[in-house]
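Work through the exercises below with the structure in view. Each task is followed by a solution in steps.

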Amino acid sequence: MKKILKNAPVFFLFLFAASLLNPVFGQDTQKVAPTDTTQLAAADTTAKKEKADRKRKDSFVVYIGANANELSVSPDQFNSDTELGYQLGFNYRRGKFLYWGAGAKYTNAIYGLKAVDSASDSSSISVKSIDIPLTVGLDLLFFTSRLFTVRTFVGVVPSFVLNVTDDSGLDITKDDLNTFNLLGQGGIGIDIAFLDIELGYNMGFQDVLKDQESKPGQAFVNLGFRF
């Protein structure tokens, strides 16, 4: 008993020292998992893409319009007058300052045409086609384009003839036409809220009539609704 009491101070000193050392050696040795940089990079990329998508300017337009048409024909064979037709279609645009567009339209282009020796006062042919306008342009006021903007555009228009109606007395049928034509296009557009207005000109690179000088020219104006 005396021996135990004699060694008690040493025992309590040992316990006191152990209690002081315990916070050092008793810390949570579980390692914190390193941050997964791959997942963070992927999340950052996704966030940037979503932010870019929110800022992206795109629109869908349905429209109807009028066109004025003429044929560049040989004056030794034909007389050609400007006649009015119409078109209707849709167009998709995407971009901000620099944008591109693609769409499709049904066009009824009417050309005044008659033989030089014809006694008729007026005659025409009506060429119905499906056109595929492909454009690029500049949106000059892209930062306010949802409310108001002015645009310029250029492009190409592949055109596929569907049918022809001949009121010229020349007995022209679809077989007398080149059923494919490629046109160059240029114009300007004005967007006011949901309204879309375009004015432009199409110039054909190929003849409308087979084996005849008859390149088409077409001025047009469209009124559309933008979504």
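**Exercise 1.** Determine whether Y92 is buried, partly exposed or exposed.

Solution. Y92 has 26% relative accessibility. Buried means under 20% relative accessible area, exposed over 50%, and partly exposed in between (1.4 Å probe, protein chains only). Y92 therefore counts as partly exposed, because 26% falls in between these limits.

The model is predicted: local features need pLDDT of at least 70, side-chain atom pairs count only at pLDDT 80 or more, and totals for chains, interfaces and linings use all residues. Residues are numbered from 1 along each chain as its sequence is written, and side-chain values use heavy atoms, with hydrogens and water left out.

**Exercise 2.** Classify the aromatic pair of Y86 and Y106, and state which strands hold the two residues.

Solution. Rings of Phe, Tyr and Trp (its six-membered ring) pair if their centres lie within 6.5 Å; planes under 30 degrees apart count as stacked, over 60 as edge-to-face and the rest as tilted. For Y86 and Y106 the centres are 6.4 Å apart and the planes make 45°, a tilted pair. Strands are DSSP runs (E, at least two residues), numbered from the N terminus. Y86 lies in strand 2 (residues 78-95) and Y106 in strand 3 (residues 98-115), so the pair ties together parts 20 residues apart in sequence.

**Exercise 3.** Which geometry does the aromatic pair of Y92 and W100 have?

Solution. The ring centres of Y92 and W100 are 5.8 Å apart, with 65° between the planes. The pair is edge-to-face. W100 is partly exposed, at a relative accessible area of 41%.

Technical notes:
Helix = DSSP H or I, 4+ residues; strand = E, 2+ residues; numbered from the N terminus.
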